[in-house]
Amino acid sequence: MEFTPPLQSATLVTRYKRFLADVVTPEGETLTLHCPNTGAMTGCATPGDRVWYSTSTNLKRKYAHTWELTETQQGAFICVNTQRANMLTKEAIIADRLPELTGYSELKSEVKYGAERSRIDFLLQAEDRRNCYIEVKSVTLAEQQSGYFPDAVTLRGQKHLRELMSVAANGDRAVILFAILHSAVEHFAPARHSDGEYARLLSEAQQNGVEVIAYKAELSADNMSLSLPLPFSL
């Protein structure tokens with residue numbers, strides 16, 4: 001995935017009201033960016049970090065600029081736009097870069113399913129195999145070289161794990177894919193210190209047939225791609 005037009009950079013002043021951030025450009029102009037991330041963004045929004053942002057041509061938008069990446073003062077790249085996780089995953093599936101998810105002829109997005117009225121991120125189908133339901137989670141929380149999910153209690157994420165267990169019980173493939181969007185992360189684990197119930201459900205889900213995979217994205221201010229399998233422990 002290439003950023004077209006190229007991203008621009010600025011220095012982070014502060015993130016506030018969850019969806020807004022103020023930055024200062026190299027020319028000294030203060031801009032307000034849209035922040036497409038509902039999480040705590042722990043370690044991703046330190047004042048003084050370098051921010052990379054895109055600019056929309058949609059004149060109806062109140063805030064034309066979108067925060068895409070953080071380049072920390074330690075040199076790590078983090079994709080803070082959570083919408084990119086699904087875009088990268090879809091691109092990787094179509095390009096056959098994820099061996100666990102190859103061999104399907106049809107890919108659908110945002111399909112309704114489950115007893116709790118959820119929407120699955122991706123549904124893969126083929127005539128000669130079981131349907132494959134894929135839930136994608138964006139991982140940006142890092143401590144040293146370990147990445148964790150979630151960065152706060154997620155009732156929605158807990159619901160998704162219950163739904164995936166039901167899918168597996170019904171005989172279809174159920175997959176949860178953790179997209180690691182932090183360049184310093186080399187290992188993944190559930191964040192027991194942020195949401196112990198999610199960690200418990202993830203382990204239960206794996207024991208009940210839900211496939212857990214983790215892939216790390218290669219990140220830069222020019223492009224991104226999801227292709228590097230990452231070890232994990234539950």
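Is glutamate 106 buried, partly exposed or exposed, and what is its relative accessible area? In this predicted model, glutamate 106 is partly exposed, at a relative accessible area of 39%. Its side chain meets that of lysine 108 in a salt bridge, with an N to O distance of 3.9 Å. Lysine 108 is likewise partly exposed, with a relative accessible area of 33%.

The whole structure contains 11 salt bridges. One of them joins arginine 84 to glutamate 68, with the closest N and O atoms 2.9 Å apart. This pair connects distant parts of the chain, since arginine 84 lies in helix 1 (residues 83–94) and glutamate 68 in strand 5 (residues 65–71), 16 residues apart. Arginine 84 and glutamate 68 are both buried. A further salt bridge is formed by the side chains of aspartate 128 and arginine 129 (3.6 Å, N to O). Here aspartate 128 is exposed, with a relative accessible area of 62%, whereas arginine 129 is partly exposed at 37%.

Strand 14 (residues 211–219) is mostly covered, 7 of its 9 residues being buried. Strand 14 pairs with strand 12 (residues 173–180) in the parallel sense over 6 bridges, and glutamate 211 of strand 14 is the bridge partner of valine 175. Strand 14 also runs antiparallel to strand 15 (residues 224–229), to which 5 bridges join it. Within this pairing, tyrosine 215 stands opposite proline 229 of strand 15. Strands 14 and 15 form a hairpin, with 4 residues between them.

Technical notes. Residues numbered from 1 in each chain as written. Predicted model: local features only at pLDDT ≥ 70, side-chain atom pairs only at ≥ 80, totals over all residues. Heavy atoms only, no water. Buried < 20%, exposed > 50% of the residue type's maximum accessible area, 1.4 Å probe, protein only. Helix = DSSP H or I, 4+ residues; strand = E, 2+ residues; numbered from the N terminus. Pairing = 2+ DSSP bridges. Salt bridge = Lys/Arg side-chain N within 4 Å of Asp/Glu carboxyl O.
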